[in-house]
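Try each task before reading its solution.

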Amino acid sequence: MLESRWAYLAHLLIWTVPLILLQLLALAQHYRRRTGAVLRAVLPPAFLVGGYLAVADHLAISAGIWNFGEGKHLGVYVGAVPLEEVLFFVLTSLLVSLGLALFTALLGPKEVRAP
């Protein structure tokens, strides 16, 4: 499977999904009741940056700056960009956004809970 048209998608999901799940678990553990608010703050920028990078990639591919070889991706495109590449941009942006939220939580003051 890793040498087929599923190769890019498989590699992408194998390394991102476990990390994103770990980040979400840590985020939910730290923020508890505010997890929804934190996700509403973190997710839109991640999708915005991922979308921006996909548009930039579309322009580069359309201009002939680079391309993707056939046979290593599904052949589904968003504009000129393979679907897996769009997912790469969104998932890596999500990893960075969640990571920054967790890093901020580690550096921030500890919450004081009323008895």
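**Exercise 1. Compare the span of helix α1 with its expected span, and locate its kink.**

Solution. Keep in mind that this model is predicted. Start by counting: α1 has 25 residues. Next, take the distance from its first C-alpha to its last, which is 36 Å. At 1.5 Å a residue the expected value is 36 Å, and the helix comes close to that. Finally, look along the helix for a bend: α1 has a kink of about 25 degrees, centred on Leu13.

**Exercise 2. Work out how α1 and α3 are arranged relative to each other.**

Solution. First find the two helices: α1 covers residues 7-31 and α3 covers residues 83-107. Their axes come within 10 Å and cross at roughly 25 degrees. Angles under 35 degrees count as roughly parallel, so α1 is roughly parallel to α3. As for handedness, the crossing is left-handed. Now sort the residues of this contact: 20 are nonpolar, 5 are polar and 2 are charged.

**Exercise 3. List the buried residues of α1.**

Solution. Buried means under 20% relative accessible area. In α1, the buried residues are Ala7, Leu9, Ala10, Leu12, Thr16, Ile20, Gln23, Leu27 and Tyr31.

**Exercise 4. Is Ala41 buried or exposed?**

Solution. Begin by placing Ala41 in helix α2, residues 35-62. Its relative accessible area is 53%. The cut-off for exposed is over 50%, so Ala41 is exposed. To finish, pair Ala41 with Ser97: the two are 56 residues apart along the chain, and 9.5 Å separates their C-alpha atoms.

How values were computed. Residues are numbered from 1 along each chain as its sequence is written. This is a predicted model: local features need pLDDT of at least 70, side-chain atom pairs count only at pLDDT 80 or more; totals for chains, interfaces and linings use all residues. Side-chain values use heavy atoms; hydrogens and water are left out. Axes are lines fitted to C-alpha atoms, for helices over the stretch in contact, and angles run from 0 to 180 degrees between N-to-C directions. Helices (H or I, at least four residues) and strands (E, at least two) are DSSP runs, numbered from the N terminus. Angles under 35 degrees count as roughly parallel, over 145 as roughly antiparallel, 65 to 115 as roughly perpendicular and the rest as oblique. A crossing is left-handed if the near helix is turned anticlockwise from the far one by less than a right angle, and right-handed if clockwise. Ala, Val, Leu, Ile, Met, Phe, Trp, Tyr, Cys and Pro count as nonpolar, Asp, Glu, Lys and Arg as charged, and the others, Gly among them, as polar. The expected span of a helix is 1.5 Å times one less than its number of residues. The bend at a residue is the angle between axes fitted to the seven residues ending there and the seven starting there. Buried means under 20% relative accessible area, exposed over 50%, partly exposed in between (1.4 Å probe, protein chains only).
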